[in-house]
Structures are given as C-alpha cells and as structure tokens.
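Have a look at the structure first, then read on.

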Amino acid sequence: FQSFQAGTVPFTPARCVYFNSFVTRTNTCGELRSAHVGQKVTLYGWVQYQRQGLFLVLRDFQGLTQVIIPQDEVSATKTRLLSSAPLESVVRVTGTVSPRPLGQENPKMPTGDIEVKAETAEILNSCKKLPFEIKDFIKKSEALRMQYRYLDLRSPRLQSALRLRSRLVMSMRQYLCNLHGFVDVETPTLFKRTPGGAKEFLVPSREPGKFYSLPQSPQQFKQLLMVGGLDRYFQVARCYRDEGSRPDRQPEFTQIDIEMSFVDQAGIQRLVEGLLQHSWPEERGSIMTPFPSMTYEEALAEYGTDKPDTRFGMKIVDISDVLRGSGVHFVQNALSYPHGSIRAICIPQGVKYLTNKDLESLKESHCTDHALTFSQEIMEIIRKPDGSLKSLLTKFLGEKEKSELIQALNMQEDDVVLLAAGEHKQCCALGALRLLSANLLEAAGLALRDPTAFHFLWVVDFPLFLPKAENPTELESAHHPFTAPHPSDASLLYSDPTKVRSQHYDLVLNGNEVGGGSIRIHNAEQQRFVLEKVLKEDSEVLSHLIEALELGAPPHGGIALGLDRLISLIVDAPSIRDVIAFPKSFRGRDLMGNAPDYVTPEELEPYHIQVSWPLEEKEAKKN
C-alpha cells in the first residue's frame with residue numbers, strides 16, 4: 001500500500017489489498033520489488049533457509065525475501081542472533097531494500113531481484129526441532145501432516161488452496177447477495193433425527209432419552225425459509241454425516257446451499273452456471289456456459305456411471321445387434337435375459353501402452369470389486385497391425401461380423417476391446433473399467449485427459465425412486481424424499497412409482513459430482529403419499545414440514561454445491577482434506593487434538609447416559 005501511495009506501483013482497485021494495515025510491518029515477504037530499492041522496511045516471518053551466517057530467507061503467507069546478515073564488527077550481535085536462529089523461528093527484521101549483485105538475481109522468486117540488508121533484528125519465538133520440514137517437496141505421511149496440521153498449514157500448497165477457497169466464496173457471496181438478492185441465513189446445527197439419507201450424528205441432551213441430531217444438510221430449513229417468504233436463500237453451510245472419510249468425503253463438510261421460490265429446473269441451472277462463471281479463479285482459465293446436459297439413462301448407457309468424465313472418449317458401445325446372429329453360446333445366453341446385452345469399450349493403443357499384467361488386472365477387477373460383478377467374464381479383443389482381430393471370440397465370427405465389430409467400435413491398429421455380456425448391470429462394470437483403463441494409459445505415458453481442462457456437465461432425468469440394495473422389493477429415494485416428480489410422470493407416482501422420473505439434477509465436473517439439487521414437492525398430500533405409501537416412512541417425524549406445506553407453500557427448488565470437492569478439483573488436490581484447514585482423518589478422527597475422546601461418568605451423568613465398555617477396554621483402563 002505504501003508503494004501505491006508513493007506512486008511507484010500503479011494503483012488499481014483489483015490490487016488494493018491492505019496486507020499491512022493495523023500491523024507494525026511495512027511490507028510482506030512476497031511484495032518487495034526493484035521499485036522498493038532504497039526504502040527502509042520492517043518484515044516479519046519464519047526463517048525458511050539460512051546459509052553459513054551470510055544470509056537467510058524469510059517467509060510469510062505471501063512469499064519469500066532474502067535478508068543479508070551484516071558481517072561488520074559493529075553488527076556482531078545481530079550477526080550472531082540471525083545466524084543462530086533455528087529454521088521456522090519467528091523473526092522481525094528491519095533493513096534497507098537493495099538490488100541483488102549483477103548475476104545473482106533469482107528469476108524463480110518474485111522478489112528475486114532484491115534483498116534486504118538487515119539493520120536491526122529480533123527473534124520473536126525460537127523454534128525447536130521440527131517433526132518435518134515445511135517444504136512441499138518433502139514427503140511426509142498424511143497422518144503426520146494431520147497430527148501437526150498447524151505446521152502443514154505453513155506450506156505454500158495449503159496456503160494457496162485456502163486463500164483461493166476464501167476468494168471463491170467471497171465472489172459467490174457477492175454474486176448471490178449483492179447481484180441477485182439472496183439472503184444469507186444461518187440455519188441450526190442442532191435438530192432432530194429425520195428419515196432417509198446418510199447416518200446422522202447424535203448429540204445428547206439433558207432431557208432423559210432425548211437426543212439432538214446434527215443435520216446432514218439444511219434441506220428442511222431452506223424449504224421452510226421459502227414457506228416463510230424469504231424468496232431467495234443462500235448459506236455457506238456446515239453439514240455432517242456419520243460416515244468414514246474417503247478422498248472426496250469426510251464426516252463434516254461444507255456446502256454452498258441455495259434455495260429459490262417460483263423457479264424451475266432451467267432457472268436453477270442458469271443461476272449455478274452464472275455463479276461459477278462469476279467466481280471462477282482467473283488463474284484457472286475461463287469456463288464456457290451453458291454447460292452441456294445428459295440424461296441419467298444416457299450417462300449409464302455411454303459411460304456406465306451417473307457422473308461421467310467427459311474429458312476423454314472410450315464410450316461404452318452396445319454391440320448386441322452385431323453379435324446377435326453369432327452362434328457363440330455365452331452371447332446367446334446373455335441376450336436371453338430381459339435386459340441382456342453385449343457391450344464393450346475400446347482402449348486406444350492398448351497394445352502399446354498396456355502390459356499383459358495390466359490387461360489381466362482389468363479383466364479380473366470385477367472379481368475383486370462387487371461393483372464390477374456381472375454374469376460373464378471380461379473378454380479381450382485386439383486389432384493387430386495387419387487389421388485382423390485376435391480373440392477367443394473371433395473364431396466363432398464370420399468376416400461380415402468381424403467387419404461390423406471393427407466399424408461399430410471404430411477399432412484402429414493396436415486397439416484393445418474389453419467386452420462384457422449379461423444384464424444391464426455390466427454398464428457399471430464397463431464404466432469402472434473405462435476409468436481404470438484411463439489411469440493405466442496415463443501412467444504409461446499416454447496423454448488422455450487434459451489436467452488443465454474443466455468439463456462441467458448436467459445430469460438430469462434421474463429416477464425418483466430406486467430399489468433398496470438390501471431389499472429390492474422396497475423403494476428408496478434416489479435423491480431425497482422431498483424431490484418432486486417430473487411433470488410428465490406425475491400420474492405414475494400413484495400407479496407405478498418405479499417408472500417416475502424426478503426433477504433432480506446433478507452437476508458433474510471431470511467425473512466428480514460437485515452439486516445436486518431438485519425442484520421440491522410443495523403439495524402436502526403428495527409429500528405425505530411419498531413418505532407413507534412409497535417409502536414406508538413415518539410421516540409424523542416430518543409433521544412440521546408437511547404442516548408448513550399446507551399453509552401457503554410456494555413452488556420452490558434449489559441446489560447444494562460441495563465446496564470442498566469443488567476446490568479440490570480446481571487446485572488438482574488428490575483429496576478434499578488438502579483444501580480444508582482442519583480436516584478429519586480417514587477414520588474420521590482429529591489426529592491433532594485426539595478427538596473424539598473419552599469423557600468421565602460424572603460428565604455423562606447430566607445427559608442420563610452410561611457407557612457399556614467392551615471387556616478388553618475395561619481391562620486396559622484398569623492397567
């Protein structure tokens with residue numbers, strides 16, 4: 001800011017960020033340039049590097065500055081002080097900005113043209129031996145990083161991710177609240193258990209036998225806000241699920257939660273596209289709108305998943321008609337099923353990039369993953385350089401069938417086809433194999449997916465209900481029980497609910513679901529019918545919502561964007577834990593604070609709870 005005042009740096013609103021307001025430093029460690037030469041500055045930071053008592057590199061959140069340690073006798077005290085400062089000690093330095101000697105500039109550092117000649121210095125806090133070095137290229141286990149999260153937060157990688165996250169959320173607030181009239185409302189995090197969805201955390205109360213529940217989303221509250229006439233609601237919402245962590249999920253997470261009255265599906269989609277385009281980080285390029293759209297059925301048929309990665313081809317192809325006339329027993333057997341078919345994916349240049357071991361692992365993967373299980377083994381077909389096909393299958397095929405197979409799959413020389421026969425479930429199997437194949441191809445050096453590309457996709461027309469995995473004769477909501485049926489299928493809700501499509505829409509980015517929403521049921525009788533007759537749930541648990549729908553509820557709908565997952569994809573982080581300041585471990589634990597933790601029987605007494613310890617834990621506590 002002093003540089004702006006002095007006129008040495010052009011002043012623009014975009015650059016007007018007062019990092020040095022209210023503090024006693026004059027500059028950060030990342031902002032000094034040649035224009036500052038001759039200025040006296042005061043810097044605060046951590047000792048990143050020190051060399052033989054000649055100079056040290058000071059680091060703060062914005063960058064690095066090289067500090068020259070004086071070598072004259074008059075400055076002996078300062079020299080000893082700075083030379084003895086352990087790495088990661090907190091230091092204050094006052095000195096004069098000087099140009100680096102000719103030939104000693106460091107083009108890899110934004111401050112590489114200057115250095116600060118120290119005149120006064122003070123160690124504000126000396127650092128003892130570190131559990132790991134604060135450098136991104138130093139490998140350390142995730143458990144160690146999470147145990148010392150406050151140290152890991154100093155790394156440039158996490159600093160950059162968290163600051164990008166902050167900027168993006170602020171842009172979203174500006175777009176929603178300032179430009180489009182949304183109201184930011186905080187909804188309760190202590191509520192009660194509700195039916196359906198993920199498992200909820202229970203919180204004891206002082207009333208005997210009664211518990212609060214941490215909501216897995218503000219779903220009911222945001223609908224009630226629409227009944228209350230707020231018209232447009234927005235919240236950066238904390239949500240909770242009593243589930244183990246995965247790279248893209250953890251027990252507590254953050255959503256950008258949105259609800260609107262008098263809106264349809266197209267309106268919500270336009271809103272989200274505008275929101276993302278407005279808040280998208282400039283350094284990640286630009287995104288084009290409108291986003292393409294695909295039905296749920298198309299996604300399953302072509303990609304084997306409802307969250308397809310459209311950055312590369314290798315689509316699933318139905319080749320049933322090509323092989324229908326063949327005398328191959330397993331083909332005819334598969335096609336005899338009501339939903340039987342023969343489908344395949346073509347792996348480009350598979351012969352060149354995949355080893356025999358890779359191909360075997362792909363063919364056997366359905367044996368080790370229940371999600372890939374179907375009635376037939378994976379069959380492999382290779383197109384040789386002379387154009388012929390190599391497979392156990394081809395000896396049963398005529399030349400016409402072979403030619404049609406090559407044409408249907410657009411097979412080129414050295415391509416490998418993986419074929420599956422059975423009921424429609426093999427789409428999911430081939431969808432998983434498609435992704436596994438892409439990973440293997442890229443590991444072998446084939447550039448298949450552009451790491452800088454962001455492919456957004458709307459997936460629409462989901463089924464309203466799906467059979468329960470544990471009991472296929474019963475139904476559960478594909479999204480949640482408040483999702484409205486598709487207007488064209490509304491009558492089927494009462495006659496054949498399994499055929500009803502929903503007004504549910506998912507936003508997919510590079511094969512990851514980053515948002516999901518729906519138009520809601522705003523008719524009380526329809527909501528009661530879905531809960532009681534279709535889902536076999538006790539509607540009394542949701543009596544407050546059903547009663548609200550009877551008292552002038554407007555048509556409404558909304559969406560929730562998974563903020564953690566979205567940010568992790570933007571910065572190309574392998575896990576959402578890399579974009580959360582204080583995440584939970586894979587088992588849902590806080591390794592830094594050792595939570596959850598035991599409490600004493602005396603502390604539990606006001607909540608009317610007693611813990612029944614397993615025998616081995618009792619013995620361990622005695623010892």
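## A tyrosine at the surface

At 44% relative accessibility, Y150 counts as partly exposed (buried means under 20% relative accessible area, exposed over 50%, and partly exposed in between, with a 1.4 Å probe and protein chains only). Before going further: this is a predicted model, so local features need pLDDT of at least 70 and side-chain atom pairs count only at pLDDT 80 or more, while totals for chains, interfaces and linings use all residues. Residues are numbered from 1 along each chain as its sequence is written, and side-chain values use heavy atoms, with hydrogens and water left out.

Y150 sits in helix 4 (residues 149-152). Helices (H or I, at least four residues) and strands (E, at least two) are DSSP runs, numbered from the N terminus.

## The whole chain

Zooming out, the protein chain has 20 helices and 22 strands. Its C-alpha atoms fill a box of roughly 95 × 75 × 65 Å along the principal axes. Of the 623 residues in the protein chain, 48% are buried. V460 is counted as buried at 8% relative accessibility, and V460 belongs to strand 17 (residues 456-460). Between the C-alpha atoms of V460 and Q174 there are 28 Å, with 286 residues separating the two along the chain.

## Helix 5 and its partners

The axes of helix 5 (residues 156-180) and helix 18 (residues 563-570) come within 10 Å and cross at roughly 120°. That makes helix 5 oblique to helix 18, and their crossing is right-handed. Helix 5 also meets helix 7 (residues 265-279), with axes within 8 Å and a crossing of roughly 130°. Helix 5 and helix 7 are therefore oblique to each other as well, and this crossing is right-handed.

A few ground rules apply here. Axes are lines fitted to C-alpha atoms, for helices over the stretch in contact, and angles run from 0 to 180 degrees between N-to-C directions. Under 35 degrees counts as roughly parallel, over 145 as roughly antiparallel, 65 to 115 as roughly perpendicular, and the rest as oblique. A crossing is left-handed if the near helix is turned anticlockwise from the far one by less than a right angle, and right-handed if clockwise.

## Salt bridges

With a salt bridge taken as a side-chain nitrogen of Lys or Arg within 4 Å of a carboxyl oxygen of Asp or Glu, the count comes to 37. Here are some of the pairs.

| Pair | N to O distance |
|---|---|
| D257 and K222 | 2.9 Å |
| R232 and D231 | 3.7 Å |
| K499 and D496 | 3.6 Å |

D257 lies in strand 10 (residues 252-261) and K222 in helix 6 (residues 219-227), so their bridge ties together parts 35 residues apart in sequence. Both D257 and K222 are buried. R232 is partly exposed at 26% relative accessible area, and D231 is partly exposed at 32%. K499 counts as exposed at 56%, whereas D496 is partly exposed at 23%. Elsewhere, salt bridges with shared partners link R145, R149, D152, R157 and D578 into one network.
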